[in-house]
Amino acid sequence: MINQIEEVKAKFLEELQTLKDEKELEEFRVKYLGRRGIIQSLFDKLKEIPREEKPTVGKILNELKELAQEKFNEKKKEIEAKKEKVKISLDLTIPGRFKYTGRKHPLTQTLEEIKKIFVSMGFEVASGPEIEDDYHNFEALNIPPEHPARDMQDTFFIKENIILRTHTSPVQIRVMKSKQPPVRIIAPGRVYRNEAISARSYCLFHQVEGLYVDEGVSFAELKGTLLAFAKQMFGSSVKLRFRPSFFPFTEPSAEVDVSCFICGGKGCKVCKYGGWLEILGCGMVDPNVFKFVGYDSERYTGYAFGMGVERIAMLKYGIDDIRLFYENDFRFLEQF
Ligand code: 2U9
């Protein structure tokens, strides 16, 4: 038993030297000096030894207890004093550490702005899968196999007939298949195209497409809605210009330009001295598309439009390279 006491003493003194802070100090106190600690357990063992040995062993044990308490108090004072010193040596004149505040990515900001404008005009926000089948991405949109429009929308194949969507239009197909008109939705989201990467195109980008189908929906309404959007997005004095175009899923179709909001249409570097900036495409939904989703094309008409979020953000903020959006360079991102 005496040997055991000596061992505990040696360990106690050795460990005591390693203590660094108040937390370790407290754990150490509980371990050795606590009610269920090592020293108390030695006292408990006293009962088990022969009577004649008890006085001697008891005395040694009491000495250990006193010594332990004394050494512990010394260490405690030492640690407290050190802490006090650290406190005093705090230099409040040292400049604080700079904290970065997070912000939304410029594409998220642009997307949210576009969504807010259309939601305020009564559009609901719809979404769908980025991995699509050939039917929803092409066929139901009046783009059969071998159609030349497929060339411009070359994409990435997961397997035969399963692809990364090239536009968000399959979302509108899915919504129309699930309910009858009226349908008034926007479909924002990420789309993919197998493009040669350059300052103007990337293998993925974001679109917002819109669709309004009901009885008596007209091209005039489409023009009014897009003008209201452009005024809120680019400034109340902008004008729109509609140029005839072709898309397999709309007839008639148009490409839409906004008068340059930098120079007011007079001509500048941004609009390449033309006074107009192309912002989106649109048209009346082709009756063939209605056939695919089971809508009565004699009863219903609808308009649709589509825009690239990157393009809108680039025009709005004067960004000249699309790749900047995806590189996560702080020097770019912190400007928004
Ligand atoms: C359905 C029916 C019609 C969506 C439309 C465009 C015109 C268009 C381009 C703009 C720039 C794509 O991101 S971009 O390259 N889009 O010009 N999109 S009409 O028409 C639809 C969509 C879904 C069922």
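**Close-up views of a predicted model**

**View 1. The bridge partner of R241 in β8 is D257.** The structure is a predicted model, in which local features need pLDDT of at least 70, side-chain atom pairs count only at pLDDT 80 or more, and totals for chains, interfaces and linings use all residues. Residues are numbered from 1 along each chain as its sequence is written, and side-chain values use heavy atoms, with hydrogens and water left out. Strand β7 runs antiparallel to strand β8 (residues 250–259), and seven bridges join them. Strands here are DSSP runs of E with at least two residues, helices are runs of H or I with at least four residues, and both are numbered from the N terminus. Two strands pair if DSSP finds at least two bridges between them.

**View 2. Seven strands form an open sheet with mixed pairing.** The order of the strands is β1-β5-β6-β10-β9-β8-β7. Strands β1 (124–125) and β7 (240–247) each have a single partner strand and stand at the edges, so one side of each is left without a neighbour in the sheet.

**View 3. An open sheet of three strands has the order β2-β4-β3 and antiparallel pairing.** Its edges are β2 (131–133) and β3 (157–159), each with a single partner strand, so one side of each lacks a neighbour in the sheet. On average, neighbouring strands of this sheet are turned by 35° against each other, direction ignored. Such angles are taken between axes, which are lines fitted to C-alpha atoms (for helices over the stretch in contact), and run from 0 to 180 degrees between N-to-C directions. Three bridges pair β2 with β4 (residues 162–164) in the antiparallel sense, and D133 stands opposite I162 in β4.

**View 4. The ligand is surrounded by 20 residues.** The closest are F205, Q207, F247, G281 and G306. A polar side-chain atom of Q207 lies 2.9 Å from an oxygen atom of the ligand. Taken alone, the ligand exposes 570 Å², of which the protein buries 87%; accessible areas come from the Shrake-Rupley method with a 1.4 Å probe. Two or more residues of the shell come from each of α8 (169–178), β6 (204–214), β9 (276–285) and β10 (301–308), and β10 gives the most, with five residues.

**View 5. The protein is divided into domain 1 (2–89) and domain 2 (106–333).** These bounds come from an automatic or database domain assignment. The C-alpha centres of domain 1 and domain 2 lie 76 Å apart.

How values were computed:
A residue is near a molecule or strand if one of its heavy atoms lies within 4 Å of it. A polar contact is a pair of N or O atoms within 3.5 Å; within protein, one must be able to donate a hydrogen and the other to accept it, and residues adjacent in sequence count only if both atoms are side-chain atoms.
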